[in-house]
Amino acid sequence: MGGLRPWARYGLLVVAHLLALGLGAAVLQALEGPPALRVQAKLRAERATFQEEYGACLPPGALEELLSTALAAQAHGVSSLGNGSGARNWDLPSALLFAASILTTTGYGHMAPLSAGGKAFCVIYAALGLPASLALVAALRHCLLPLLSRPGAWAANRWQLALTTAALLQAAGLGLLVAGTFVLLPALVLWGVQGDCSLLEAIYFCFSSLSTIGLGDLLPAHGRSLHPVLYHLGQLALLGESSCQGAQGGGGRRSLDY
């Protein structure tokens with residue numbers, strides 16, 4: 001592509017990006033379409049069974065109205081399931097996690113402000129907090145970069161490696177370090193303490209957090225044996241790691257315990 005004109009090079013990049021989007025969409029449609037249809041069919045069957053058993057006791061449209069209200073509340077992170085008071089929807093650990101997800105641009109989507117004041121505060125908080133977070137990460141990167149570059153420089157001097165070879169080895173080593181320390185190790189911890197989640201789901205959650213994708217379909221629950229604060233501290237640690245890694249590189253809601 002070095003001999004191409006800039007407009008032609010950019011055009012090829014746009015076409016390649018569109019092809020990658022189309023390929024990803026096709027693969028996801030093939031993988032996720034059948035399970036979604038099965039879940040939809042199951043929900044329809046359960047709703048039909050419920051209406052058959054209790055439909056005589058309910059006025060027309062009452063069930064759909066109740067479900068719509070519950071789903072709208074769930075979209076803002078408010079759940080009415082169980083006998084709890086629901087105070088933990090916006091308790092201090094949950095609010096800390098929400099604030100951290102804003103400042104790291106992860107945005108799990110499991111909570112959202114309900115009040116107009118909360119939405120306005122989020123705009124101001126993000127506008128002021130994101131530059132401050134990037135400045136902090138840039139300072140950390142400035143301190144860590146010389147330390148992380150020493151193994152590559154030592155290997156290049158020790159075995160007289162070319163600069164490109166040493167750079168590739170250093171990148172591979174850092175990739176393995178990040179994958180092991182910030183993905184595999186936290187996933188093993190989540191897999192051990194949650195009990196009901198699979199190792200793949202734990203790895204999937206750690207990767208989506210570390211890459212700041214934050215799909216929000218998996219979140220560590222409060223758990224049955226550990227204090228909720230420990231879970232939220234672990235989540236905040238993952239968010240901090242994702243922020244650092246994002247700065248170095250570029251400068252639905254389903255609980256894990258079901």
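Axes are lines fitted to C-alpha atoms, for helices over the stretch in contact, and angles run from 0 to 180 degrees between N-to-C directions. On that basis, helix H4 (residues 116-159) and H5 pack at about 140°, their axes being 9 Å apart. The model is a predicted one, in which local features need pLDDT of at least 70 and side-chain atom pairs count only at pLDDT 80 or more, whereas totals for chains, interfaces and linings use all residues. Residues are numbered from 1 along each chain as its sequence is written, and side-chain values use heavy atoms, with hydrogens and water left out. Helices (H or I, at least four residues) and strands (E, at least two) are DSSP runs, numbered from the N terminus.

**Packing of H4 and H5**

- The angle makes H4 oblique to H5, given that angles under 35 degrees count as roughly parallel, over 145 as roughly antiparallel, 65 to 115 as roughly perpendicular and the rest as oblique.
- H4 and H5 cross in a right-handed sense; a crossing is right-handed if the near helix is turned clockwise from the far one by less than a right angle, and left-handed if anticlockwise.
- From H4, Leu148, Ser149, Gly152 and Ala156 meet Ala166, Gln170 and Leu174 of H5, where contact means heavy atoms within 4.5 Å.
- The residues of this H4 and H5 contact comprise four nonpolar, three polar and no charged; Ala, Val, Leu, Ile, Met, Phe, Trp, Tyr, Cys and Pro count as nonpolar, Asp, Glu, Lys and Arg as charged, and the others, Gly among them, as polar.

**Packing of H5 and H6**

- Helix H5 (residues 163-194) and helix H6 (residues 199-210) have axes that come within 8 Å and cross at roughly 135°.
- That angle makes H5 oblique to H6, and their crossing is right-handed.
- On the H5 side the contact is made by Val178, Phe182, Val183, Leu184, Pro186, Ala187, Leu188, Leu190 and Trp191, and on the H6 side by Leu199, Ala202, Ile203, Phe205, Cys206 and Leu210.
- In the contact of H5 with H6 there are 15 nonpolar residues, no polar and no charged.

- Helix H3 (residues 92-103) has 12 residues and should span 16 Å at 1.5 Å a residue, which agrees with its end C-alpha atoms being 16 Å apart; the expected span is 1.5 Å times one less than the number of residues.
- Buried residues in H3 are Pro93, Ser94, Leu97, Phe98, Ala99, Ala100, Ser101 and Ile102 (buried means under 20% relative accessible area, exposed over 50%, partly exposed in between, with a 1.4 Å probe and protein chains only).
- The axes of H3 and H4 come within 9 Å and cross at roughly 60°, and the two helices are therefore oblique to each other.
- The crossing of H3 and H4 is right-handed.
- Phe98, Ala99, Ile102 and Leu103 of H3 make the contact with Cys122, Tyr125, Ala126, Gly129, Leu130 and Ser133 of H4.
- The residues of the H3 and H4 contact divide into eight nonpolar, two polar and no charged.

**Positive phi values in loops**

- Most residues other than glycine have a negative phi.
- Thr105, in the loop between H3 and H4, has a positive phi near 60°.
- Thr105 counts as partly exposed, at 49% relative accessibility.
- Thr212 has a positive phi of about 60° although it is not a glycine, and lies in the loop between H6 and strand S1 (218-219).
- With a relative accessible area of 23%, Thr212 is partly exposed.
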